[in-house]
Amino acid sequence: MVKIGLQFKAFLENVTGLTPDGEDFRWYMKLKCANCGEIPDHWQYIDQIDKQPLKGGRGEACAVIKCKLCSRENSIDILPETITKYNIADNNKFKTMVVFDCRGLEPVEFSPRNGWKAFGWKESEDEDEEGRESGTEFSDVDLTEMEW
């Protein structure tokens with residue numbers, strides 16, 4: 001079992017945090033076969049809801065993918081307890097947002113796409129004071145263009 005963390009970096013402006021919204025959040029990645037090195041051109045997604053059985057009744061994983069080049073069956077699973085929020089304190093720094101249990105697959109590219117939740121920020125009217133969280137939540141934030 002190999003655990004691989006997905007690191008995320010963002011410049012937060014007028015928001016205090018960013019988090020994947022719900023168990024149905026789709027993590028879009030390009031996955032490399034660890035056996036032959038094949039990287040398909042298309043994006044694949046995994047989420048916590050869709051579970052597929054592993055060959056031989058060894059349990060289940062979020063995605064079980066057969067490599068088109070070497071025909072090896074590989075799997076990747078989300079470790080739900082590792083999913084975390086990107087806060088204003090992490091602004092413009094890399095932070096591990098989620099960890100995957102990878103068996104024969106390696107994520108090599110990530111596309112943030114949609115399904116994020118952002119938390120609002122309110123500037124202080126007094127220039128000497130810092131701003132604060134406004135309590136406003138923005139759901140289904142789309143980061144496909146890498147900007148929102």
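The second largest pocket draws at least two lining residues each from β3 (27-33) and β7 (63-66), strands being DSSP E runs of at least two residues, numbered from the N terminus. Of these, β3 gives the most, with 3 residues. A pocket here is an open set of points on a 1 Å grid over the protein atoms alone, where a 1.4 Å probe fits, with protein on both sides within 12 Å along at least five of seven lines; lining residues have an atom within 4 Å of a point. This is a predicted model, so local features need pLDDT of at least 70 and side-chain atom pairs pLDDT 80 or more, while totals for chains, interfaces and linings use all residues. Residues are numbered from 1 along each chain, and side-chain values use heavy atoms, without hydrogens or water.

How much space lies in the second largest pocket? About 190 Å³, counted as the space filled by probe spheres set on the grid points, which are joined across faces, edges and corners. Among its 13 lining residues, Pro40, Ile65, Lys66, Cys67 and Lys68 come closest to the centre.

Now for the largest pocket, at about 450 Å³. Its lining takes in 16 residues, with Ala10, Phe11, Leu143, Met146 and Glu147 nearest the centre.

Cys33 has the sulfur of Cys70 as its nearest, 3.7 Å away. The Cys70 sulfur, in turn, has its closest cysteine sulfur in Cys67, at 3.7 Å, so that pair is too far apart for a bond.

How values were computed: Helix = DSSP H or I, 4+ residues; strand = E, 2+ residues; numbered from the N terminus. Disulfide = S-S within 2.5 Å.
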